[in-house]
Each structure stands twice: as C-alpha cells, then as structure tokens.
Amino acid sequence: MLEDQRITALVSREVDIDIGSAIRHNHSFISTKIAQSRIVGLCRKEHPRIKNQLSDDQWMAEEHIVLSSAETSAYLPEKLYGLSHQRNIRYRSNSLINMLYCIEKSDAVMFFPACLLKHIPVHLGVRSVEIPWMEEDTLDIYAYIHSKAKNDERLEWIIQLLKN
C-alpha cells in the first residue's frame, strides 16, 4: 500500500499492525523499529565481472533488477535513491521471488537486505557481494500499531517475535 493508505488503515484501525518502511509520524499510532539491516548486492554465482565486492562505478555500470512497489523509494537509503535515475534498470518486479530468479538467469545485479540472505533457497544460483560504499547505510523496518492498542499483549508479542 502507499504510505497514505497505510496511515489511513492504521488510524481507522482497519489493520492491527503495519510492518514496513518508515512512514510519517502521526499521533494516532506507535512505531517500533523491528529490524535494521546492512545492504549487500546480489548477482548470479557465475557472474563474469563481479568478484567479492562492488565499487560504486562498477555498481552503476551493471544492469539492475529493482523492486517496483509504490513505496520502493521509502526503503532506499538516500545514497541509492539519489542514484536510482542513473541506473540501467533491466527489469522491475513487485515480486522478490521473480527478482531472485532473474538474477540467477542474467548478469544483472540488485541490492538486498543482508538479514534476509538466510531465506534465499540454497538451490538458487545467486550470491551476495559486499558494497563497501554502502557500509554505513541500512534498511530499516518498523512495526506500527494504533496508540489505543499499546497495551494489547498479542500485538506486543508479535512485535517482540519479529525483533528476534
């Protein structure tokens, strides 16, 4: 959902919990950071030009596969978002699984939260590479609940589970 839709759903209590990128502050809900991850690059295991890390020049010279959700820019650190119009985007998808299979079958690259690497199936022919010029940037994920639900033990349990 778009940011405004997420806020409306929270304020009207259409949803109990919203998990995603940061959204504008609103007194009607409470936010909790549940994850922070460094950013790595993904490429196919047999990529002909990429070794163990990517310089900013090499990153920009490669073709890219990008997430095409309405809120993509909210997930991007400013450094990547500022460069997004300069990248050679080969494919856009709103499906992370499709993106991973495209990486496996091409020489394109994508950035990826390191905390999710363990969830990539081992049979996929992709590997992570370090992006040294992105070392200080992170992708942050938040849980939002309505302020009237702040004492809801079930929601607190979910948030604590997600933080671990």
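So, the largest nonpolar core: this has 13 residues, and the ones with the most contacts inside it are L42, L100, I103, M110, F112 and I120. Keep in mind that what we have on screen is a predicted model. Helix α5 makes the largest contribution, with three residues. You know the general background here: in soluble globular proteins, nonpolar side chains tend to end up buried together.

Let's zoom in on I103. If you skip the neighbours within four places in sequence, I103 touches L42, C43, R44, I65, A108, V109, M110 and V126. There's also a second, separate core of twelve residues, and C43, I50, V129 and W133 are among them.

Okay, aromatics. How many aromatic pairs does the rule give? The count is three. One of these is F29 with Y144, an edge-to-face pair with the centres 5.4 Å apart and the planes at 90°. Now, F29 sits in strand β2, residues 29-44, while Y144 sits in strand β7, residues 138-146, so this pair ties together parts of the chain that are 115 residues apart in sequence. Both F29 and Y144 are buried. Then there's Y142 with Y144, and that pair is tilted: 6.1 Å centre to centre, with 35° between the planes. For those of you who like the cut-off, buried is under 20% relative accessible area. Y142 comes in at 17%, so Y142 counts as buried. Y144 is at 3% relative accessibility, so that residue counts as buried too.

Next, helix α1, residues 3-11. Which of its residues are buried? They are E3, R6, I7, A9 and L10. These cover an arc of only 165° around the axis, which means they are on the same side of α1. After the helix comes R13, and the phi of R13 is positive, near 65°.

That brings us to β1 itself. In a regular strand, side chains alternate between the two faces of the sheet. In β1, the covered face has D18 and G20, and the uncovered face has I17 and I19. Strand β1 runs antiparallel to β7, and four bridges join the two. If you want one to click on, take I19, whose bridge partner in β7 is A143.

Last stop, S93. You'll find S93 in strand β4, residues 88-93. Is S93 buried or exposed? Its relative accessibility is 4%, so S93 counts as buried. What does the side chain of S93 do with its polar atom? A polar atom there lies 2.9 Å from the backbone nitrogen of S95. Beyond the neighbours within four places in sequence, S93 is in contact with V66, L67, S68, N98 and M99.

Note on methods. Residues are numbered from 1 along each chain as its sequence is written. This is a predicted model: local features need pLDDT of at least 70, side-chain atom pairs count only at pLDDT 80 or more; totals for chains, interfaces and linings use all residues. Side-chain values use heavy atoms; hydrogens and water are left out. Buried means under 20% relative accessible area, exposed over 50%, partly exposed in between (1.4 Å probe, protein chains only). A polar contact is a pair of N or O atoms within 3.5 Å; within protein, one must be able to donate a hydrogen and the other to accept it, and residues adjacent in sequence count only if both atoms are side-chain atoms. Contact means heavy atoms within 4.5 Å. Rings of Phe, Tyr and Trp (its six-membered ring) pair if their centres lie within 6.5 Å; planes under 30 degrees apart count as stacked, over 60 as edge-to-face and the rest as tilted. A nonpolar core is a set of buried Ala, Val, Leu, Ile, Met, Phe, Trp, Tyr and Cys residues joined through side-chain atoms within 4.5 Å. The arc is that of the directions from the helix axis to the C-beta atoms. Two strands pair if DSSP finds at least two bridges between them.
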